[in-house]
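Colleague: Please go through this structure with me. I will ask for the grounds behind each label.

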Amino acid sequence: MTSHEPIEAEPGATAASPDKGPALPTPGVDQYHVDPALPAAGQAEHHDQAERQPKHRAPEKEEKRSFARAFREELWADNNFTVTLLAIVLALICGGVLMVVGNAEVRDQWQYLLYQPGKTIGDTWAFVSTAYTDMFKGAVVNPDTVNRWYWNMTTWQQVFYPISETLTNAAPLIFTGLAVAVPFRAGLFNIGGQGQAIMGAIGGGTVGLALSLPAIVQVPLGVLAGALLGGLWGYLVGVLKARTGAHEVILTIMLNNIAFLFLGWFILQQGIKDPNRSDAISKPIQESGKLPQLIPDPLLRANLGIVLAVLAAAGVAWLLKRGRFGFELRAVGHNPHAAATAGIKVGTTIALTMALAGALAGLGGTSVALGTAPALTVDMLGQIGFNGILVALLGRVRPWGVVGAGLLFGALQAGGNAMQTFSGVSVELVGVIQALIVLFVAAPALVKAIYRLRRSPAAAAQAGLAKG
Amino acid sequence: MNVLYGLLQPDEGEILVDGAPVRIKGPGDAIKVGIGMVHQHFMLVPVFSVAENIMLGAEPARGGFIDHAKAVKLVREVSQRYGLPLNPDAIIEDLPIGIQQRVEIVKALTRDVDLLILDEPTAVLTPQETDELLEVMRGLKAAGKSIVFITHKLREVKAVADRITVIRRGRTVGTADPTAPETELAELMVGRSVVLEVPKEEAVPGEPVLEVSGLVVADDREHRAVDGVDLVVRAGEVLGIAGVQGNGQTELVESIMGLRPARAGEVKLSGKPITTWHTREVLRAGVGYVPEDRSVDGLVKEFSVAENLVLDLYDLPPFGGRFALNLDAIAAQAEQKIAEFDVRTQSAQQPVGALSGGNQQKVIVAREMSHPLKLLIASQPTRGVDVGSIEFIHSRIVAERDRGAAVLVVSSELDEVVALADRVAVMYRGRVLAVVSPDTPRETLGLLMAGIDPSSSSHTPGREQDTRGEGMSEHGEAAS
């Protein structure tokens with residue numbers, strides 16, 4: 001604290017990190033992001049700090065960069081936010097092309113491109129934009145409904161129906177996204193979200209259909225059972241990896257299949273199977289076992305699941321930043337050797353991380369089983385486990401990023417249904433768009449090249465984060 | 001050597017081949033001018049056959065298909081010409097290390113090179129395999145090839161070399177004749193020009209703190225890297241372990257720390273057996289540990305300086321409780337340690353990987369000294385550290401000793417060991433050859449490090465009874 005010389009004066013500092021260039025003032029750059037609303041207050045605090053800790057401050061010329069300029073530079077640079085946003089736009093454009101190719105009427109128009117280019121392009125635009133508008137209407141809010149509600153032609157529930165659908169779809173995706181994001185921070189790639197979600201659904205569903213207790217007891221019991229069974233399924237992977245060194249990707253893929261087949265067997269068992277039906281379906285979930293709806297209305301399906309999902313994300317965020325176990329988890333993820341040398345039990349950490357991931361995925365399965373599914377069936381979960389991988393990658397394996405990505409995917413799903421109904425575009429297109437978004441996010445160089453993004457001034461700082 | 005083979009580019013200077021300057025931009029250029037290299041770590045595809053590996057990169061092709069028969073024939077031819085029998089169809093991963101190395105040599109020879117660089121080839125070989133290799137080298141010499149043989153084992157150079165050049169810390173420090181006495185070579189290797197002075201008082205040794213008896217530890221390849229070591233480190237003294245790297249020092253220290261299981265023997269801390277303790281328990285019992293490779297074992301590079309400063313204390317009050325971390329306490333600790341140890345960093349929140357080597361090392365030293373120590377184990381405490389930080393770290397180590405801690409310093413830099421230690425134990429092939437005073441003449445220490453005990457009449461100890469492989473295959477700082 002006695003030295004006032006800038007860091008660059010340190011001999012060997014540049015040799016040790018040649019790629020970092022002249023020491024990058026991370027705190028200074030953060031400053032511009034943090035205080036757009038309170039530039040004056042921020043500056044004051046800034047100078048205050050500068051006096052207290054002269055050694056830690058950024059070089060003088062960086063301080064002078066105005067907020068507006070920094071904002072402008074960052075906006076069209078290759079930071080995570082811009083890249084993600086542009087990846088979404090790119091995916092929607094590709095989706096539009098596919099819509100045109102997939103629709104015979106519009107496609108035929110293109111034969112006459114040279115005769116009536118205006119009509120061809122106009123019709124195409126109208127078709128694609130209508131489809132996307134329908135998607136938006138189905139996912140967020142439909143202005144027509146708002147209008148009709150204003151004139152008392154429909155109920156307010158109709159207005160919130162799209163949002164409710166989005167939230168309903170998002171809840172399990174947030175859970176399974178977290179189930180991938182958490183182990184990712186520990187250096188583990190959890191492909192087993194699907195299997196863990198299935199086990200969770202079995203656990204939660206069984207409590208939901210077999211018992212008839214007061215809801216206040218049965219619901220928490222069901223949620224707990226789902227988390228427990230999913231957690232067990234994940235813990236199995238963690239223990240096998242820690243003990244035998246077996247690779248978690250292979251283990252989880254195998255356990256996915258086992259869980260899927262187990263579910264198929266399980267719903268046919270006496271006491272589980274619905275005796276009144278001939279097909280493979282369990283008895284219906286008891287009303288007292290279902291996750292309560294946020295608004296008790298038959299139209300608005302959004303239930304406690306989304307609340308639990310956001311709480312889980314908050315819990316994970318806390319754990320990773322402030323939790324003792326989160327510290328161990330991150331240390332093991334970045335450098336297991338150093339973690340072991342510092343006395344951290346690497347095997348235990350891996351096992352517990354996978355258990356936590358399994359519990360999160362299990363909650364995802366439970367939120368379906370006790371939320372929207374009338375009963376347990378073989379395909380009730382769809383692909384939530386695998387979509388969770390996409391959600392985690394899109395959310396850059398950070399808890400709040402996962403929430404955002406889960407909401408986006410939930411909205412695409414809800415909007416896709418509306419789009420199919422009103423524009424006749426197959427709902428499968430949503431899957432394609434989701435995959436394309438993640439593809440573009442995973443290939444930032446591609447997005448950067450397409451949009452000719454500038455290299456972000458804060459890129460070095462973010463490059464470090466992106467690795468984690 | 002990597003420059004010669006084109007893997008690295010020289011900053012200055014030039015390379016002459018047959019008197020003409022050449023620029024070698026990659027291994028391809030090197031082979032063109034007739035330089036081949038056998039790396040310490042083999043560059044072979046384990047699931048390919050011998051012939052396939054040898055042909056890799058220069059496959060004889062016929063109409064887009066690899067001419068396998070021709071490849072096999074070529075391998076047979078070359079291996080017969082130089083007396084290096086090989087089965088061209090054997091799969092690499094089924095072969096013993098010595099034969100794999102032979103494959104590497106044949107691979108270089110099929111490229112028609114005149115100069116063959118062997119980078120520490122014996123580090124991975126058993127003594128028998130080593131003898132075979134030396135025989136092969138003589139054969140190649142007779143066939144008119146030049147060989148650059150890099151090793152840090154005196155016996156081997158003396159056995160096979162025609163001229164010996166000693167390189168120390170990136171400089172040529174001398175050239176010698178193989179008939180020169182071993183003492184002369186040892187002196188060149190060890191050097192006497194730089195004398196590190198660490199101001200310190202006479203040690204006042206107290207009770208034994210660390211007692212190691214009959215310790216046997218296996219390395220990753222299941223060789224006996226530590227082969228029955230007995231040591232005692234007393235409170236208030238520094239025991240230095242000298243030795244060329246790869247003679248079991250790493251495994252010895254890791255075993256004491258509970259990072260590597262002991263196969264036999266016992267480790268006691270203040271009289272309590274700790275042989276089977278977990279690393280955390282050893283640390284909690286008042287042991288500080290500066291690992292030899294800071295970037296692998298010492299630091300989590302992506303973590304901030306503050307987080308690294310509590311990497312092994314994060315679960316102790318005031319930094320962390322049962323579930324939560326106290327980020328304020330961690331930040332406060334960071335500010336204090338950064339000031340106390342003069343760590344040059346922009347902020348405590350900066351990733352530690354962005355710091356210079358010396359400052360990274362200071363972070364580790366600061367962390368390990370931030371709880372009361374009974375025993376400090378410092379492995380290569382100043383490797384890759386600038387001179388200013390070296391002095392600082394040395395003075396902190398001596399300060400710990402003066403405070404009454406027992407200190408074990410392991411270094412492949414003899415200067416460092418001699419400067420710090422009150423007693424010097426020399427390790428060779430997993431054994432402590434001798435425990436001597438740091439005032440012992442350098443030549444004697446150098447001979448001991450090369451496995452020659454000047455006080456005994458037997459010239460090459462361990463040679464006959466030694467049936468196991470060499471230690472870890474790392475470069476020593478003082479390679480001949």
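Predicted model: local features only at pLDDT ≥ 70, side-chain atom pairs only at ≥ 80, totals over all residues.

Colleague: What is the average pLDDT of chain A, and what share of its residues score at least 70?

Modeller: Chain A averages 83, and 81% of its residues score at least 70. Over residues 1–63 of chain A the pLDDT is below 50, and that stretch has 57 contacts in the model beyond near neighbours in sequence. Residues 458–468 of chain A also stay under 50, with 18 contacts beyond four places in sequence.

Colleague: What is the mean pLDDT of chain B, and where is the pLDDT below 50?

Modeller: The mean for chain B is 83, and 90% of the residues reach 70 or more. Residues 457–480 of chain B have a pLDDT below 50; in the model this stretch makes 65 contacts beyond near neighbours in sequence.

Colleague: Which domains does the assignment give for chain A?

Modeller: Domain 1 of chain A takes in 83–139 + 425–454, and domain 2 takes in 158–422. Their centres, taken over C-alpha atoms, are separated by 31 Å.

Colleague: How do you know that domain 1 of chain A touches domain 2 of chain A, and what gives the most to that side of domain 1?

Modeller: Two residues count as in contact when their C-beta atoms lie within 7 Å. On that criterion, 18 residues of domain 1 of chain A are in contact with 17 residues of domain 2 of chain A. On the domain 1 side, α8 (117–139) and α20 (428–442) of chain A each supply at least two residues. α20(A) gives the most, with eight residues. By class, that side of domain 1 of chain A has 13 nonpolar, three polar and two charged residues.

Colleague: How is chain B divided, and what separates the domain centres?

Modeller: Chain B has domain 1 at 15–150 and domain 2 at 208–449. The centres of these two domains of chain B, over C-alpha atoms, are separated by 40 Å.

Colleague: Why is α10(A) called roughly antiparallel to α17(A)?

Modeller: Helix α10 (residues 156–185) and helix α17 (residues 346–369) of chain A cross at roughly 170°, and their axes come within 8 Å. Angles over 145 degrees count as roughly antiparallel, so α10(A) is roughly antiparallel to α17(A). Among the residues that meet are Phe175(A), Leu178(A) and Val182(A) of α10(A), and Met354(A), Leu360(A) and Val368(A) of α17(A). The contact of α10(A) with α17(A) divides into 14 nonpolar, four polar and no charged residues.

Colleague: Why are α10(A) and α11(A) called oblique to each other?

Modeller: α10(A) and helix α11 (residues 193–210) of chain A pack at about 130°, with axes 10 Å apart. Roughly perpendicular ends at 115 degrees and roughly antiparallel needs over 145, so α10(A) and α11(A) are oblique to each other. The crossing of α10(A) past α11(A) is right-handed. Thr176(A), Ala179(A) and Val180(A) of α10(A) make the contact with Gly193(A), Gln196(A) and Ala197(A) of α11(A). The residues of this contact divide into three nonpolar, three polar and no charged.

Colleague: What makes α14(A) and α19(A) roughly antiparallel?

Modeller: Helix α14 (residues 304–322) and helix α19 (residues 399–423) of chain A pack at an angle of about 155°, with axes 8 Å apart. The cut-off is again over 145 degrees, and α14(A) and α19(A) are therefore roughly antiparallel. Val310(A), Ala313(A), Val316(A), Ala317(A) and Leu320(A) of α14(A) make this contact with Pro399(A), Trp400(A), Val402(A) and Val403(A) of α19(A).

Colleague: How many residues of the contact of α14(A) with α19(A) fall in each class?

Modeller: Nine are nonpolar, with no polar and no charged residues.

Colleague: Which backbone detail does Val397(A) show, and where does Val397(A) lie?

Modeller: Val397(A) has a positive phi of about 45° although it is not a glycine. Its place is the loop between α18 (384–394) and α19 of chain A.

Colleague: Is the peptide bond from Pro317(B) to Pro318(B) cis or trans?

Modeller: That bond is cis, with omega near 5°. Pro318(B) is in the loop between α11 (305–309) and α12 (327–340) of chain B.

Definitions and conventions
Residues numbered from 1 in each chain as written. Chains lettered and ligands numbered in written order. Axes fitted to C-alpha atoms, helices over the stretch in contact; angles between N-to-C directions. Helix = DSSP H or I, 4+ residues; strand = E, 2+ residues; numbered from the N terminus. Parallel < 35°, antiparallel > 145°, perpendicular 65-115°, else oblique. Nonpolar A, V, L, I, M, F, W, Y, C, P; charged D, E, K, R; others polar. Domains from an automatic or database assignment. Left-handed = near helix turned anticlockwise from the far one by under 90°. pLDDT = per-residue confidence, 0-100.
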